[in-house]
Amino acid sequence: MTNDYPRSHRVADFIQRELAGLIRTEVRDPRISPMLTLASVEVSRDLSVAKIYYSLLDAEEHKETQAALERASGFLRRQLARQMNTRSVPQLRFFYDDSAERGALMSALIADAVASNTTEDDESDEGSTEESSVAKD
């Protein structure tokens, strides 16, 4: 049987679910935004390090939230240790995920480019439409 869903993926999914609940209910640091979302978790193959990617609704709060999450990482790791059935619990490293912001920026750039795009084909199509309507009269 092939291993389609390796252990590191299962551990990452578990950590993501549990950390979301722990951050929401147990961490009482006011610097952590209530609009924090855990975007993804990647665990190394040897299960020694977990990279936790988070996103925020207000991007300006990410430095404060980063500092608060790093400060709470030991507490969160201990809480995970109580719930995980593994010999060791990975180190928790938090990273801000700005892909939603970059996606919105790219979408805006594309919309601007499409709106300002006027080519000779567009102008010639408009001219031929006017000529055909004149020819019908």
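A: Let's start with the helix that gives the most to the lining of the largest pocket: helix 1, residues 7–25, with three residues. Helices here are DSSP runs of H or I with at least four residues, strands are runs of E with at least two, and both are numbered from the N terminus. Please keep in mind that this is a predicted model, in which local features need pLDDT of at least 70, side-chain atom pairs count only at pLDDT 80 or more, and totals for chains, interfaces and linings use all residues. Residues are numbered from 1 along each chain as its sequence is written, and side-chain values use heavy atoms, leaving out hydrogens and water.

What is a pocket? On a 1 Å grid over the protein atoms alone, a pocket is an open set of points where a 1.4 Å probe fits, with protein on both sides within 12 Å along at least five of seven lines; lining residues have an atom within 4 Å of a point. This one holds about 210 Å³ of space, counted as the volume filled by probe spheres set on the points, which are joined across faces, edges and corners.

The lining is made up of A20, I23, R24, V27, R28, D29, I32, S33, P34, L36 and L38. Seven of these residues are nonpolar, one is polar and three are charged.

Now follow L38 onward: this lining residue stands opposite Y54 in strand 2. Strand 1 (residues 37–43) and strand 2 (residues 49–55) pair in the antiparallel sense over six bridges; pairing takes at least two bridges found by DSSP. Five residues lie between the strands of this hairpin, where L47 takes a positive phi near 60°.

Technical notes: Nonpolar A, V, L, I, M, F, W, Y, C, P; charged D, E, K, R; others polar.
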